[in-house]
Amino acid sequence: MSDYWIRASEISEFVYCQHSWWLKRSKGLKSANSRELTKGTQFHQKHGRMLAQSMWIKRVAYLMLFCLVTFITFQILTAS
């Protein structure tokens, strides 16, 4: 049994082009469009950072909304 693990990215590579996957795995050949692959990786990393940042902003907005509703409720209940 081989200790080589097949990653999800390899499965998508195989589905996209079986011959390319075979050349990479058995012959050790690299892709001819490595510059585009690097740009794509950089884009996805940047997009991931923006997504994480937007999730934190959303959490802060919900926290502020909760604080505002709590404050208004407290003001209404203590004004009576």
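1. The protein contains three helices and zero strands (DSSP runs, H or I of at least four residues for helices and E of at least two for strands, numbered from the N terminus). Along the sequence the order is α-α-α. The radius of gyration is 25 Å, well over the 12 Å that the globule rule gives for 80 residues, so the protein is more spread out than a compact globule (C-alpha atoms are used, and the rule is 2.2 Å times the number of residues to the power 0.38).

2. The model is predicted, and local features need pLDDT of at least 70, side-chain atom pairs count only at pLDDT 80 or more, and totals for chains, interfaces and linings use all residues. Residues are numbered from 1 along each chain as its sequence is written, and side-chain values use heavy atoms, with hydrogens and water left out.

3. Along the principal axes, the C-alpha atoms fill a box of roughly 80 × 35 × 20 Å. Of the 80 residues, 2% count as buried (buried means under 20% relative accessible area, exposed over 50%, partly exposed in between, with a 1.4 Å probe and protein chains only). The accessible surface comes to about 7,900 Å², and 68% of that surface belongs to carbon and sulfur atoms (Shrake-Rupley method, 1.4 Å probe; for residues, only the protein chains shown count as cover).

4. The structure holds three salt bridges (a side-chain nitrogen of Lys or Arg within 4 Å of a carboxyl oxygen of Asp or Glu). One of them joins Lys24 and Glu13, whose closest N and O atoms are 3.6 Å apart. Lys24 lies in helix α2 (residues 18-27) and Glu13 in helix α1 (residues 8-16), so this pair ties together parts that are 11 residues apart in sequence. Lys24 is partly exposed at 47% relative accessible area, and Glu13 is partly exposed at 21%.

5. Glu10 and Arg7 also meet through their side chains in a salt bridge (3.8 Å, N to O). Glu10 counts as buried at 6% relative accessibility, whereas Arg7 is partly exposed at 48%.

6. Arg35 and Glu36 form a salt bridge, with the closest N and O atoms 3.9 Å apart. Glu36 is partly exposed at 43% relative accessibility, while Arg35 is exposed at 58%.

7. Tyr62, Leu65, Leu68, Val69, Phe71, Ile72 and Ile76 make a nonpolar surface patch of about 720 Å² (residues with over 30% relative accessible area and no salt bridge, nonpolar side chains being joined within 5 Å and like charges within 9 Å). Phe71 is located in helix α3 (residues 34-79).
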